[in-house]
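This note is intended for a colleague who is meeting the structure for the first time. Please read the points below alongside the model.

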Amino acid sequence: MTSVWVRNIQLSGFRNYSKESVTFDPGLNLFLGHNAQGKTNLLEAVYVASAGRSYRASSDSELVQKGSSYYRVAVDVQRKPAPVTLEVSYSTDGRKLVRLNGTERIRAAELSSFLNVVLFTPDDLALVKGSPSVRRKFLDLEISQVSPAYRQLINLYSKIVTQRNALLKQARERNWRSDSAAASRLLESWDEQLIETGSKITARRMQVVASLDELGREAHYRITGVPGALSVRYLPSVPLSADEQGSTSEATVDWIAERYRARLRQLRKVELIRGVTMVGPHRDDISFQLDGADVATYGSQGQQRSTVLAVKLAEANFIRAHTGDMPVLLLDDVLSELDETRRTNLLGEIVGDNQVLVTSVEPGCRDLMPRGAAVFSIVAGEVTPDDASHRGCSGKEHGQDGIHRPDPGDIRHASVER
Ligand SMILES: Nc1ncnc2c1ncn2[C@@H]1O[C@H](COP(=O)(O)OP(=O)(O)OP(=O)(O)O)[C@@H](O)[C@H]1O
Ligand SMILES: [Mg+2]
């Protein structure tokens, strides 16, 4: 039985939703609708309830419905030992509130202790094809979902790099590279903070990438059915030996710290010329390879897509391993990108004892859904349980009129109240 799932969501003034309340099924939920009706907005709202912010908006004001002065998203989450209500609201005067059970104010970062989601969108292709910063962000978000301490480490590190860069720029303007003793005195304490915080981050990321490598390879095999081996590797900005890469012990932090220290010494002059910090986790990367070939360079579109799906599934399984609960999976428009085998394999892979919300513009997608899936239509910011969920779409398996009469237990409870 699903252990953590969203029973209901209430939206006010959120994107194209004026006022809407949707009750989900604990298993698979399919949302069908034409373009620009609110499919992505609905998944985005669930994401906001779990992360406290959107993955695609640059500011909260973007989420507020045009003409409204605020947005509010509230979800009822079923979980052990007791259900909770999570609420995120924002008004255009800049006030943002995150609340637990209607009254208790909590920090946005605390939401993920109650609800985790993993989102799949066509834009995820950037994970393979985009810049290293996309991959670092992915990894940092993933680890932060299971470790608040890591989140703090990342925030601290980002401040250290900003400060250190400011100092390097200042040194460049004052031409301190001719007086390296003065520059070193000034940078010393920032170097030590960078090394201490940076080595912890890199070590943790390497550990997580090692588990993504294993989980990703399994997921990739199950989605594609092809025994091409996916591997995920961490590429630190300092060279580490294979032994050091593979190790997950405490000693790793010390090794990395030593490498950072040595590299900073080597780069001192160059950094003073360029005015930026050139080594540290903010310069690290991840690579994906299929049978030893880099997926970004050599992979086909389909291989790149399946790599991304495998890595995302690995992320979901990683979160389950750490929190004990499978996150809610949000699949925005990803089925249409895959061939039939991969679609079916993917659905087989994601549908288990966890909740999944899937969107599609293709009514034919309904035919792919396992029995018991709840189907909804979305039209102009209104969500209705789809009567057509009683029907097949292609009609090919369902008799002449295309009508498939389900068993009474076929469609599980799912309703919309407004
Ligand atoms: N702040 C806002 N206020 C009002 N409407 C908005 C706001 N932000 C977005 N919208 C509108 O919401 C509508 C639905 O957007 P959404 O991205 O959810 O569409 P979709 O159903 O996922 O479509 P597609 O199939 O093209 O991906 C769009 O027409 C968009 O212009
Ligand atoms: Mg969309």
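1. Basis of the note. This is a predicted model, in which local features need pLDDT of at least 70 and side-chain atom pairs count only at pLDDT 80 or more, whereas totals for chains, interfaces and linings use all residues. Residues are numbered from 1 along each chain as its sequence is written, chains are lettered from A and ligands numbered from 1 in the order in which they are written, and side-chain values use heavy atoms, with hydrogens and water left out.

2. Backbone atoms at ligand 1. A backbone N or O atom of alanine 36 is 2.7 Å from a ligand 1 oxygen, and a polar backbone atom of glutamine 37 lies 3.1 Å from an oxygen atom of ligand 1. For lysine 66, a polar backbone atom is 3.0 Å from a nitrogen atom of ligand 1. The protein buries 72% of the 660 Å² that ligand 1 exposes when taken alone (Shrake-Rupley method, 1.4 Å probe).

3. Cis peptide. Most peptide bonds are trans. Lysine 80 and proline 81, however, are joined by a cis peptide bond with omega of about 0°. Proline 81 belongs to the loop between β4 (70-78) and β5 (84-91) (strands are DSSP runs of E with at least two residues, helices runs of H or I with at least four, numbered from the N terminus).

4. Positive phi values. Aspartate 291, in the loop between β10 (285-290) and β11 (293-294), has a positive phi of about 50°. Its relative accessible area is 60%, so aspartate 291 is exposed (buried is under 20%, exposed over 50%, partly exposed in between; 1.4 Å probe, protein chains only). Aspartate 333 has a positive phi near 60° and lies in the loop between β12 (328-332) and α10 (340-350); at 27% relative accessibility, aspartate 333 is partly exposed.

5. Strand pairing. β5 and β6 (residues 96-100) run antiparallel, joined by 5 bridges (strands pair if DSSP finds at least two bridges between them). Leucine 86 faces leucine 100 in β6. β6 and β7 (residues 104-105) are also antiparallel, with 2 bridges, and arginine 99 has arginine 105 in β7 as its bridge partner.

Conventions
Polar contact = N/O pair within 3.5 Å; in protein donor to acceptor, adjacent residues only side chain to side chain.
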